[in-house]
Structure formats: C-alpha cells, structure tokens
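Thanks for coming, everyone. Please take a look at the sequence and the structure on the screen, and then I'll walk you through a few spots.

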Amino acid sequence: MSFADLPPRAHPHTPPRNAALPAFCTPRVLLITLLLGLGVALLLAIAPGVAEDRWVRLGTTAWFVAWVVLITTGVLCGLQKPLCRLSLPWLLGGVMSILLAATGLISVLAYQSLTQLGWNPFESQTEFLLHNQAIALVVGGMGIWIFSLHWSKTRRVTAQTKAELDALHARIRPHFLFNSLNTVAALIETDPKAAEAAVLDLASVFRAALHAGDVSTLSDEIALSQRYLALEQWRLGERLVVAWVLPITPLPPIAMPILSLQPLMENAVRYAAERSPTPCTIRIECVLGKSAVSLLIENPLIDAAKLPVAGGNGISLQNIRDRLTLMFGDRASLRAGEIEGQYRVKLVLPLDGHGGVA
Amino acid sequence: MNVLLVDDEPLARARLRRLLQVHPDIQVMGEAGSAEVAERALNDEPDLIFLDIEMPGESGLAWAARLRQRAVPPAIIFTTAHPQHALDAFVSSPVDYLLKPIEPRVWLPPSPERVNPPARSRSLSLGSVSRLDGSNG
C-alpha cells in the first residue's frame, strides 16, 4: 500500500515505460527520415573518387536509401509497442538491428537485380553488403546518438515541467492555500511575529513551487521541508509532531532536484496528520553514509480505507524518481512501503557526484 | 444564542471565536476538533454550529446530514476552504456557507428576528444573510 506511488494500473495516463521511440507511424516523421536518407545519398554521390556518372550514382543511391528508410520505418512503426517495452540499450540495439537487416535485404536485392540488368560491379556481393552495412552502422549510429540527446533533453524538460505544474497545483489546493491564509489571519491578532513567520514560510514554499525545474541542495531542501512543516504545524497544532534526526556533522553539499524532499513531507501530512484526530508523529531521519546519504520519512498509517485516488494533487513519487534518475542515473533511489503500521519512504542520494546537471 | 465551533484546526477555531466576540448575542459554548467530540457537546443544545468540512474521522458534511435527523436540529454554518463542497452542503440546509479565510464583514450569524431578509447577492450564500456592519444588535 502506498499513496502517490500506486502501481501503474492506477495511472491510466502513464505512458509506456520507454516512450523514447518517436511516432514513426506519422507522415511527418516518415518524410523527415526520407529527407535525411536522401541527404546521405547526396553525400555518397558527391563524395570524391567516384568513377561513375554522379547523377546516375545519386539516382541509384537515392533509390537504395529510400527503400532502406521505408522498410526500417515501416518495421519500427509496426513494432512500436513491443519495442517501447524494452530498456533503452536494448531499444537502441533493436533499432540498429532493424536498420542493418533492412540494409542487408535491400543490398542483396539491389546487387542481384542490378547485375542482371547489366551493371558491372567492382566488388563482390559480400563486399557490397559489408560496405553498405558499414555505412548504415555509421549513419544509423549518428542518428541514434543525436536522437537520444534530443530525447533525454525532452524527458528532462517534461519531468521538470510536470514537477512545476504539480507543485503549483498542490500549492493552490484550497486546503493548503486558504487554510494557511486563515492561519495567518488568525495569528495576526494574537501573535504578529508568528504571523510574519508564517507568511515568510508560505512565500518560500511558493517560491520553490515556481522554480521546480531548478537544482537545489540537500540543506536547502531540508530547510524548505522545515518551513513547510512549520506552516502545517500552525495549522494542525498538536496533531502534528515532527521529529527530525539530523547528523551532528554539517550536511554535505549535495545537489539535488528542488522539491524532491518537501513533497514527501506533504504526503505524510496529507495522508497521516490531517486524517489523524490524535497527535501524529512524522519522523525524518538523515543518515550520512560513506558513499550515500539516506533520508527516511516515516508516518503512521491512518485510515487506510481512505487511500488517495491515483496521482492526487501532489508531486508523485514517480515524478521525483524521474528527476532523480535524470540527475544521478541509477545511483539515487526512492523507495516507499509499509513496515509495521508505519509508512516509510527512503530516499538515497550518492555522495560522490553532484549529479549530471551543471 | 449558543454557538458550537467545530474545526480540526485550533487557530481556525480561535479566529472564529474572535470574530464572534463582536456579536453580543452570541455565546461560544464550546469547541470541538472533530465530529466525534462535537457529538458529545450536543447535550448542551447549541443553537448554531460553525462546522468545518474536511476533518479527521467523520466529515462535516456527513455529520451535518446526521444532525438533520434530530428532532430539533441546530442551525449550521459551514466554514471551509473548499468552494466545491457547496452543492453537497446544500443537502443539509445550512444557514450559510463561508469560505476561509472568513471575512468579518461577510459572514453573519442569523438572528432570530431576521429570518428570511431580502436575498443579498452573494454567490455562495445558501441561506438568509444578515450583515455585521451597520445594523448588528
């Protein structure tokens, strides 16, 4: 059982695990791929050292490349669904194999038919095949490389935009925004200093939501979480008990995606403290290891029957996970689960690097 | 008029209590942080209940619906940050539906002698509305 981290069936709009492959079935992508293929044909035709007539060579090469492109695109389009289930290295390998297979097939067909038509090749069929395969490997490799650069950038932008939207959405959730403002309105008369502190806490939480694409540091994220919890503390009073267990030594200057810790606190508040009529303890522990920092967030399970609907309004664990992966690869992890009546989230960050984002 | 304040947030109750102080007719007879606690306070027969909707345990809407079943149901004014509950709240015929943060000039305790005044235009007003400013007392 977990909130915000339900299995995929709970997220009807979750895209396939690997949405790296563009929509090869669209005419636009087909046209672009054909044009790129014709560019390669043009390069091969104008390359120095060609003995035959360049126009003839351009014609035959273009014809050849066009068929390779059409077959490859057609197969990719047909196999889109199974391919998308592969992990990225397998996907790239699969795409490359399809390209090489298509090149091989067309090479053999072209060699056979052209020699029957009276073409006098300088090389054997095997050499012709191998040369064509080598060209396909180089051109395909460059294509895949450029594409994966483009894709990782798109993925980063998407994850950040989603985090930003989710964060803003969570902030303007009436339950949070208007209840917080009501808290401030209540404090202004009785405790103006506290009201000021609450307004400043509210400002910092909003500021973070407006910059959800940015990179923060571990200590800033902890500070943001503390300000957020201070705000909820005003609201919930004695029903919210926050226990921080931080190391005595200063925190290492680890970069991490902004809003990767505070939403975990927010989940704990929403699904435990807000639902609990009695004091509810949220425990946050930060453990410094030799190669990693672990953050543990624990809260009691309250009212398990009233589990949130999928996604909820907060930033989902999956989104935090995506942004951690973009920054640290597989060296960071975020796990959540139920242990002895407690809901526990564990966030692990590597100590050795500052992430892949400058 | 005896008033009961039901809200899970202590500061929200404190603010309501303060806003009510200007109204001489009203005595706040008690506070409760949940419907369960408020249920016990019903023995003191409150005339009016200020009721939050999202609370731990039974929601304000569900409790209000049960209150309607009583022989002499107390009047209810919902206080919530959520405008979207207004339609559901209508079922329990509340006197009013106030959005937090509550504006002192807008909310109103219904005084017995002014039942059904001419409707003032207020989008969320579900019942009779009188105003604190000007003519209270």
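Let's begin in chain A, in the loop between strand 3 (255-257) and helix 9 (262-271), where A:L259 sits. Helices (H or I, at least four residues) and strands (E, at least two) are DSSP runs, numbered from the N terminus. A quick word on ground rules: this is a predicted model, where local features need pLDDT of at least 70 and side-chain atom pairs count only at pLDDT 80 or more, while totals for chains, interfaces and linings use all residues. Residues are numbered from 1 along each chain as its sequence is written, chains are lettered from A and ligands numbered from 1 in the order in which they are written, and side-chain values use heavy atoms, with hydrogens and water left out.

So what is the phi of A:L259? Its phi is near 60°, a positive value in a residue other than glycine. Most residues other than glycine have a negative phi, and most peptide bonds are trans. Is A:L259 buried or exposed? At 1% relative accessibility, A:L259 counts as buried; buried means under 20% relative accessible area, exposed over 50%, and partly exposed in between, with a 1.4 Å probe and protein chains only.

Chain B has a residue of this kind too: B:S93 is not a glycine, yet has a positive phi of about 40°. You'll find B:S93 in the loop between helix 4 (86-90) and strand 5 of chain B. With a relative accessible area of 41%, B:S93 is partly exposed. Further along, the peptide bond from B:K100 to B:P101 is cis, with omega near -5°, and B:P101 belongs to the segment after strand 5 (96-99).

While we're on chain B, how do its elements run from the N terminus on? The order is β-α-β-α-β-α-β-α-β, giving four helices and five strands. Of the 137 residues in chain B, 48% are buried.

Now back inside chain A. The largest nonpolar core has 52 residues, and A:L264, A:L347 and A:L349 touch the most other members. Such a core is a set of buried Ala, Val, Leu, Ile, Met, Phe, Trp, Tyr and Cys residues joined through side-chain atoms within 4.5 Å. Leaving out residues up to four places away in sequence, the contacts of A:L349 include A:I254, A:M256, A:F328 and A:A332; contact here means heavy atoms within 4.5 Å. Over in helix 4 (residues 88-116) of chain A is A:S107, which is buried, with a relative accessible area of 1%.

Finally, where the chains meet. Chain B brings 15 residues to the contact and chain A brings 21 residues. The area buried between them is about 1,600 Å², with carbon and sulfur atoms giving 56%; this is the accessible area (1.4 Å probe) that two parts lose on being put together, summed over both.
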